[in-house]
Amino acid sequence: MSSNQVLTKKDVYEASWRWMQVGIGTFNYETQLALTNQYALRKALRKIYPNDEDYKAVMHNHGKYFNTQPYLSSVVMGAALGMEEQLGVEGMEAIQNFKVGLMGPLAGIGDTLFWIVLPAIFTPIEAAMAYDGNLVGVIITLVKAIIVGALRWHFFYWGYKAGTAAILNLRDQLQTLTDCASILGLTVVGALIPSLVSVVCPLQFTTATGGVIAIQTYLDMIMPKLLAVVITGTCYFLLGKKKIKMTTLVFGVLIFSVIASALGILG
């Protein structure tokens, strides 16, 4: 059993860099991200296990099925590397069970945070600025990418130093962060509806006395941008509750817009 620390900070960050180099590039349907896991840990594991048979055994163990959110997976692998250093070959089953136990929870949290929440918060802002020709939108995109990249770079070492107990605590903390960020994302999307969704009703009626009744005027009296809110809410309802595919919804909105415009109902 290995009980002494043999890896340096450089070794751990090299493993992190090797993971970032490949990422999901080795994804396959049999073992998912296991090949990248092996590639990232190979040099560090060789330093921990100079014995050929031990090294082959642990490499084979890390070649078993593994799949979770790519950014947060580096935290799990960092913690697993620390466990390898302390438990040795006798801990292979515990290490694999640890990885498998976190795959599901961190996948749900990571996918929500990095693939849904962050884009929901920043993409509308960036798109709105780009639409207006504002260079700040591009700068925000670059800064966001740099920050996320820096976090990914550090996640591996953080997992290595924090150990398994902290990783389990992180799962609960990230869930709270994800919930808060989801609320913020919905707020941002809601606030951008008036500026990004432009829908008016051009219908007008002439009364017997010669007066003109403009439907849009009365809609604005009820709530400004009411039609934009209704259409956006309908799209969210169809996506979330009715499970309509995004492509189907996009074409449906286009067809509805053309027909409504041709009939003079919406503009």
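Student: In what order do the elements of the protein chain run from the N terminus on?

Tutor: Bear in mind throughout that this is a predicted model. The secondary structure of the protein chain comes to nine helices and two strands. Read from the N terminus on, the order of these elements is α-α-α-α-α-α-β-β-α-α-α.

Student: What share of the contacts in the protein chain with a separation of 6 or more is accounted for by residues 24 or more positions apart?

Tutor: The protein chain has 267 residues, of which buried residues make up 36%. Among contacts with a separation of 6 or more, the share that comes from residues 24 or more positions apart is 69%.

Student: How many residues apart are W17 and W153, the two members of an aromatic pair?

Tutor: A search of the whole structure finds seven aromatic pairs, and one of them joins W17 and W153 in an edge-to-face arrangement, with 6.4 Å centre to centre and 70° between the planes. The pair links distant parts of the chain, since W17 belongs to helix α1 (residues 9-22) and W153 to helix α6 (residues 136-196), and the separation is 136 residues.

Student: Which residues do ring pairs link into a cluster?

Tutor: The edge-to-face pair of W17 and W153 belongs to a cluster held together by ring pairs. Its members are Y13, W17, W153, Y157 and Y160.

Student: How do the planes of F27 and Y29 lie in their aromatic pair, stacked, tilted or edge-to-face?

Tutor: Planes over 60 degrees apart count as edge-to-face. The rings of F27 and Y29 are 6.2 Å apart, centre to centre, with 80° between the planes, and the pair is edge-to-face.

Student: Over which ring does the charged end of R18 sit, and over which ring does that of R46 sit?

Tutor: The charged end of R46 is 4.6 Å from the centre of the ring it sits over, which belongs to Y55. For R18, the charged end is 3.9 Å from the ring centre, and the ring is that of Y39.

Student: Which residues does S74 touch, not counting those up to four places away in sequence?

Tutor: S74 is in helix α4 (residues 70-87), and its relative accessibility is 1%, so S74 counts as buried. Not counting residues up to four places away in sequence, the residues that S74 touches are W19, R152, F155 and F156.

Student: How far apart in space are I48 and Q86, C-alpha to C-alpha?

Tutor: I48 lies in helix α2 (residues 34-48) and, with 8% relative accessibility, counts as buried. I48 and Q86 are 38 residues apart in sequence, and their C-alpha to C-alpha distance is 9.6 Å.

Student: Are α8 and α9 roughly parallel or roughly antiparallel to each other?

Tutor: Helix α8 (residues 226-240) and helix α9 (residues 246-262) pack with their axes 10 Å apart, at an angle of about 150°. At their meeting place, C235, L238 and L239 in α8 meet M246, L249 and V253 in α9, and the crossing of α8 and α9 is right-handed. Angles over 145 degrees count as roughly antiparallel, and α8 and α9 are therefore roughly antiparallel.

Technical notes: Residues are numbered from 1 along each chain as its sequence is written. This is a predicted model: local features need pLDDT of at least 70, side-chain atom pairs count only at pLDDT 80 or more; totals for chains, interfaces and linings use all residues. Side-chain values use heavy atoms; hydrogens and water are left out. Rings of Phe, Tyr and Trp (its six-membered ring) pair if their centres lie within 6.5 Å; planes under 30 degrees apart count as stacked, over 60 as edge-to-face and the rest as tilted. Helices (H or I, at least four residues) and strands (E, at least two) are DSSP runs, numbered from the N terminus. A charge sits over a ring if NZ of Lys or CZ of Arg is within 6 Å of the ring centre and within 35 degrees of the ring normal. Buried means under 20% relative accessible area, exposed over 50%, partly exposed in between (1.4 Å probe, protein chains only). Contact means heavy atoms within 4.5 Å. Axes are lines fitted to C-alpha atoms, for helices over the stretch in contact, and angles run from 0 to 180 degrees between N-to-C directions. Angles under 35 degrees count as roughly parallel, over 145 as roughly antiparallel, 65 to 115 as roughly perpendicular and the rest as oblique. A crossing is left-handed if the near helix is turned anticlockwise from the far one by less than a right angle, and right-handed if clockwise.
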